Amino acid sequence: MQILASAKTLATKRTNQVKGDYTVAAGMAQLLAGTGLVGVPDSASGILTIRDTNPVASVEYTAVQATSSNTTSIAEGPQPATSADSMADTQIATTEVVVTGIKRSLQKSAAAKKASNSIVEVVTAEDIGKLPGLSIAESLARMPGVAAQRVDGRAQVLSIRGLAPKFGVTLLNGQEMVSTGDDRSFEYDQFPAELVSSATLYKTPDASLGTMGLSGTVDIRTLQPLDFHGRKINVSARVDSNSIGDTIPGTKSTGNRLSFSYIDQFADGKIGVAIGYAHLDSPNQKQYFNPWDYGTGNDLGVNGVTTAYTFNGFETGVASTKTVRDGLLGVVQFKPNDTFTSQVNLFHSKFQQRMDGRELVGVLANWASGSTPSATIGTAGVTVTNASPILTMRKDNRDDQVDAISWTNSFELGEWKARADLGVSHAKRKEWMAEAYAMPTTPITFTVALPTGYDAFGKVASTFDFGNGANYRLAGAWWGGGAYGAVAQVDDKMTTARLSAKRSLDWGVISAFEGGLIYGERDKTLTYVGTNYNFKNASPCLDGLVCAPMPSGLLQSSVDLGFAGVPHLISFDVGQALASGAYIASPNDPKSPAWNWGVNEKVTTAFAKFDINYQSAIPIRGNFGLQAVSAKQSATGLYVDASGARNPIQGGTDYTDVLPSLNLIAELGNATYLRFGAAKAVARPNMADMRAGITASVNTSDHQWYGSGGNPNLKPWQSNDYDVSLEKYFGKGAYVAVAAFIKDVTTGIVTKDVAYDFTGFVNPSGITPTSNMGTLTTPTNTSGGKVQGWELSGTLDGGQFHPALEGFELIGSFSKTKVKASTDADGVRVGTLLEGLSGEVWTATAYYENHGFQARIGERYRSGFTATRHNAFRFVTDTIRPEKIVDAQIGYTIPSGPMKDMAISLQANNLTNTPYVVTQTVDGHTIVKEHHEFGTEYLLGVSFSF
């Protein structure tokens, strides 16, 4: 038979039909040498399978000799050379069929999943600027075993296989991403979905991938302009509206999204250029009711309530966040010949968030400021007399910027294909948070009906007019000061370099080798500085508090808290209040060692990987490899002694981890694949845990050193991972897969008391310690637990079952995960501390696309979980109720005429307005702690490609 293209052309152009004049014979090895391709001829069937052994995006081409023309069809997709579906997929069609839209996206995703040598999940864009879903986080959350965590209503971070976001790694075009957050976790809402071509989740490690996570590795890929033929331009615009409406004076519940992309080739296809721009102006609205600590009246100090269970207070309010993001992508690709390719990728994102909040705070307990309330439980709720509720005005102005540049080069040196990459990324955040307080001039009476379930707000009733500004004064809260502000700054820089080479081999079952070095250096600093604001003209008011008159002209229109029973609540802007002359800034708050630190990491990874290609009755392919990861880390911080003095402190360590990995795929025939993976994986510690900051003193009673702080000597989390997956493919886009996994966490991190040497620490107390050895509460390495689970996923094409179902597609997945805790030598149960675990996660999406019409409805569910998040001033760990999020979309693409290819769409996010509910458990009672609703987001848009 003949293959009518050079192997090198196939390796680089990936065309569907090619012409040439090469004969496949005994010279096969020479023909494919240096291309990264492996040829597997089958004399009985006349089929030649050419496999690309690229570990990141493995692709196969099956060549069949034409019978009626001098053309050979090259079909994409890994299938056994003798299988019936291989023959069907590679026959030369008499009529060209172009598959686009959702169906094409599913086909590309299935082909990439099938071709990979690792166990992966893939999502690809329907077209340029059209990644499925409203954001990249929501698209990734539809992958099997992946769940999104909402922050202020937006899907922001991801939990993979029941593990918290900190256990995953995010790459952009293979380069590890920096973060504007307080730690490592990548915030996906900062990356415009319109600039994404595809994203791959690696569930099993690959030695040549470089940086990998313990739970998984997400590699976001932008487009390559030379993959296209000719100029391509896409323009889209959408208007955005929130169902809650306007909540705060001066804010809006409407916004817009705009995107533009341009792709072209020059110099006879040797130079490709791509430019993408995405603008987001989106409103985020929130209504909430948060009851505080739950317990008996005696335990909480609620006067008038003895052994009955109640809350000691609540807060209810609204918040409006204006989110503006501008993302820019630039790609220049240079390919002068088949042996050399160079590409520069530029990414820039500027993300602004402006939050305004208005809140009513009611305290039932006897430690309330202003007056001592008394409570009575009745049929209408808890009636509180002599109460002094506090009104809190909030503001959070946050500016984030992420910049990344990478330069990738691949070239052939004889039989070797070399790769040389450089990358630099930089993330910055500056955030100003402030709040100011007001209080009624005299104590009032109110009744609060606290929620007994999870799906409703509490209600407040009172004859007091909360919307009348004459009833209030500016007041200091019980925690001191009339207002408070804080500035947070994050600076995160990373430089990466990679030098590697690979070549084909003919060593029995060993078909290729790849090895190289990867170096990364990361510097991240976090700084928090707070400021108290006192009144210039303070005067005593309720129960020893200080108050000040409400400045003239400060009050705005009232806000509506009707959902909580308060139709009107006074409102004023915090920034205007601080600028009104009513306040004077007191000295800056002393810097907290927990929120002021710097971490530097230098990580060098040497790797070697061998590809496997064993041809027998059951063909087996895959790879085995080894990484040697050498890390050197250092951290800075503050030592706070007994006098409150702040002194610089530093520490660090270095270590080497050896990480083997194995991936095997058995081709069982009839497009059925059995995959197995085994590897050792690591996840580097939270940077906040690695801080050098410590607070310590000598105890006056036992004369022992005690303290708390970070641990610059922390080693990573480590696990031994085992994965198995059985996959069956139907045609080009449909499949069913079942997978199981075990992660045996051999090394974990917990916070506990350890022996610590305080030699050299300043001791201003005047108390001589009995020993320099004391006790430090700090994160420390310990034994781990075990995470295990199974996943079922699939895509079904209705047209394969009956012609009447053509255009219908179903996508779904279900995963079940559990943790088996272990107990270390100090009795600490490690596995139970793995926040982010949802025991059950499932997604279901139904598509219809035919004759230009598109419709999609999807639902994603995760069972209850715990999660660590950062609120306005600190980290908190929440226990969150199960969530079920429903999204929907309808659209139409004009098939012909002057408006050909114009697409009109209507989308809805959080269609059922699923609340975000945090619970608390006390004395066996599980009760609501926070109930937040964000409304439904509607988008009406139009896009045009030409």
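This is a predicted model: local features need pLDDT of at least 70, side-chain atom pairs count only at pLDDT 80 or more; totals for chains, interfaces and linings use all residues.
Is Lys743 buried or exposed, and what is its relative accessible area?

Residues are numbered from 1 along each chain as its sequence is written, and side-chain values use heavy atoms, with hydrogens and water left out.

**Solution.** 
- Step 1: recall the cut-offs: buried means under 20% relative accessible area, exposed over 50%, and partly exposed in between (1.4 Å probe, protein chains only).
- Step 2: apply them. Lys743 has a relative accessible area of 1%, so Lys743 is buried.
- Step 3: Lys743 belongs to strand S43 (residues 734-757); strands (E, at least two residues) are DSSP runs, numbered from the N terminus.
- Step 4: look for a polar partner. The side chains of Lys743 and Asp721 make a polar contact at 3.1 Å. Such a contact is a pair of N or O atoms within 3.5 Å; within protein, one must be able to donate a hydrogen and the other to accept it, and residues adjacent in sequence count only if both atoms are side-chain atoms.

**Exercise 1.** Find the surroundings of Ser388.

**Solution.** 
- Step 1: Ser388 sits in the loop between strand S23 (381-387) and strand S24 (390-413).
- Step 2: its relative accessibility is 9%, so Ser388 counts as buried.
- Step 3: list contacts (heavy atoms within 4.5 Å). Leaving aside neighbours within four places in sequence, Ser388 has contacts that include Ser371, Met439 and Leu542.
- Step 4: with Ser371 there is also a side-chain polar contact of 2.6 Å.

**Exercise 2.** Describe the open sheet that contains S23.

**Solution.** 
- Step 1: write down the order of its four strands, S22-S23-S26-S27, with antiparallel pairing. Two strands pair if DSSP finds at least two bridges between them.
- Step 2: find the edges. Strand S22 (374-378) and strand S27 (459-461) each have a single partner strand, so one side of each lacks a neighbour in the sheet.
- Step 3: check one pair. S22 and S23 run antiparallel and are joined by five bridges; Ser374 has Thr385 in S23 as its bridge partner.

**Exercise 3.** Which residues touch the most other members of the largest nonpolar core?

**Solution.** 
- Step 1: define the set: buried Ala, Val, Leu, Ile, Met, Phe, Trp, Tyr and Cys residues joined through side-chain atoms within 4.5 Å.
- Step 2: the largest core has 66 residues, and Phe572 and Tyr583 touch the most other members.
- Step 3: strand S25 (residues 416-440) gives the most to this core, with five residues.
- Step 4: a second, separate core has 35 residues, among them Leu158 and Tyr188.

**Exercise 4.** How many disulfides are there, and which residues form them?

**Solution.** 
- Step 1: look for cysteine sulfur atoms within 2.5 Å of each other. The count comes to one disulfide.
- Step 2: Cys541 is joined to Cys547, with S to S at 2.0 Å.
- Step 3: the torsion about this S-S bond is about 65 degrees, so the disulfide is right-handed.
- Step 4: both Cys541 and Cys547 are buried.

**Exercise 5.** Describe the hairpin of S53 and S54.

**Solution.** 
- Step 1: S53 and strand S54 (residues 925-933) pair in the antiparallel sense over seven bridges.
- Step 2: two residues lie between these strands, and Asp923 in the turn has a positive phi of about 55 degrees.
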